[in-house]
Amino acid sequence: MNAQYPDLAGKQVIITGGANGIGESMVRLFSEQGAVIHFCDIDAEKGAALEAELENCRFTEVDLEQPDQIASWIGAIETIDLLINNAAKDPRIPLQDLTVEAWDSLVALNLRAQMLTVRESSSKFRRPASVINFSSITFHLAPAEMAAYVATKGGILAMSRALARELGPSGVRVNTISPGWIMTERQLREFVDEGTKAMIRERQCQPELLEPEEIAQIALFLASSASGALTGQEILADRGWYFS
Ligand SMILES: NC(=O)c1ccc[n+]([C@@H]2O[C@H](COP(=O)([O-])OP(=O)(O)OC[C@H]3O[C@@H](n4cnc5c(N)ncnc54)[C@H](O)[C@@H]3O)[C@@H](O)[C@H]2O)c1
């Protein structure tokens with residue numbers, strides 16, 4: 001059963017990468033709360049289907065690697081109570097194969113877009129407002145062949161703390177969610193086999209695999225005034241992963 005936060009009803013919520021995975025779960029759960037959701041994605045088919053299925057959801061096809069597309073999407077939204085920077089990609093690239101193009105593309109989506117959406121939203125925030133950025137447990141684990149991804153996720157943590165300072169006095173909270181390993185459709189399709197599941201169960205304090213809805217629940221809490229004491233924080237939602 002999902003918690004209800006009455007203060008989220010009618011809130012204007014922006015979600016990037018809302019067509020699949022954790023983003024889709026957040027679109028669904030914020031819709032259940034009675035919020036008005038503006039979400040974007042490059043997956044136009046899934047985005048349009050979700051918009052048609054749910055109440056008060058507006059989908060726009062946006063490539064977040066393109067600053068002008070971010071500006072025109074957010075420019076068309078009048079007021080914003082909550083901005084969730086969720087979209088990212090996480091390719092495995094050995095260092096010797098890491099081209100300038102691949103690096104720039106990862107930084108453009110995973111890090112630069114998160115700064116641009118905040119910048120474009122800042123004049124539209126209806127205070128008290130909130131920003132939720134997505135980092136990752138992978139920043140803390142720092143595995144091989146993910147240097148660029150790890151760098152962007154570390155950058156998000158650093159940027160979020162600085163933005164919390166800059167925007168805090170004017171009534172905007174900025175927090176970061178760092179999910180553990182989440183059983184999204186794509187992770188299950190591309191990376192998670194039975195052996196990986198066993199390893200995850202071993203590593204977590206509790207064996208239950210993490211579902212996207214559980215991360216969306218944390219986003220609801222961080223969006224609500226129930227978490228008003230939290231800003232500049234990282235919430236590591238990983239079911240207690242053992243790092244050693
Ligand atoms: N799933 C996990 O295990 C996990 C773990 C830690 C952190 N995270 C983080 O959580 C967030 C969501 O991850 P997810 O697993 O749900 O991802 P996902 O790949 O399932 O969904 C990402 C969405 O972003 C969209 N997207 C990709 N490139 C885009 C672009 N250029 N412009 C607009 N939209 C674009 C995709 O189409 C997709 O709908 C990411 O920031 C990710 O780094 C996920």
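D41 stands opposite E61 in strand β3. That strand is joined to β2 by 5 bridges, and the two run parallel. This is a predicted model, and the points below walk you through its sheet, its helix contacts and the surroundings of its ligand.

**The sheet**
- The sheet is open and has 7 strands, paired in parallel fashion.
- Reading across it, the order is β3-β2-β1-β4-β5-β6-β7.
- At the edges you will find β3 (57-61) and β7 (234-237), each of which pairs on one side only.
- On average, neighbouring strands of this sheet are turned by 15° against each other, direction ignored.
- Helix α2 (residues 44-53) packs on the sheet, where it touches β2 and β3.
- The direction of α2 makes about 165° with that of β3.

**Helices α4 and α6**
- Helix α4 (residues 100-121) packs with helix α6 (residues 147-167) at an angle of about 15°, and their axes are 9 Å apart.
- Because angles under 35 degrees count as roughly parallel, α4 is roughly parallel to α6.
- The crossing in which α4 passes α6 is right-handed.
- From α4, the contact draws on A102, W103, L106, V107, N110, L111, Q114, M115 and V118.
- From α6, the partners are A148, Y149, T152, G155, I156, M159 and L163.
- Sorted by class, this contact of α4 with α6 has 12 nonpolar and 4 polar residues, with no charged ones.

**Helices α3 and α4**
- Helix α4 also meets helix α3 (residues 67-75): their axes come within 10 Å and cross at roughly 35°.
- This crossing of α3 and α4 is right-handed.
- On the α3 side, the contact is made by P67, I70, A71, I74 and G75.
- On the α4 side, A113, L116, T117, E120 and S121 take part.
- By class, the contact of α3 with α4 has 6 nonpolar, 3 polar and 1 charged residues.

**Around the ligand**
- The ligand is surrounded by 30 residues, and the closest are G17, N20, G21, A88 and S136.
- Two or more residues of the shell come from each of α1 (21-32), β2 (36-41), α5 (137-141) and α7 (185-190).
- Helix α1 gives the largest share of the shell, 3 residues.
- By class, the shell around the ligand has 14 nonpolar, 9 polar and 7 charged residues.

Terms used: Residues numbered from 1 in each chain as written. Predicted model: local features only at pLDDT ≥ 70, side-chain atom pairs only at ≥ 80, totals over all residues. Axes fitted to C-alpha atoms, helices over the stretch in contact; angles between N-to-C directions. Helix = DSSP H or I, 4+ residues; strand = E, 2+ residues; numbered from the N terminus. Parallel < 35°, antiparallel > 145°, perpendicular 65-115°, else oblique. Left-handed = near helix turned anticlockwise from the far one by under 90°. Contact = placed C-beta atoms within 7 Å. Nonpolar A, V, L, I, M, F, W, Y, C, P; charged D, E, K, R; others polar. Near = placed C-beta within 6 Å. Pairing = 2+ DSSP bridges.
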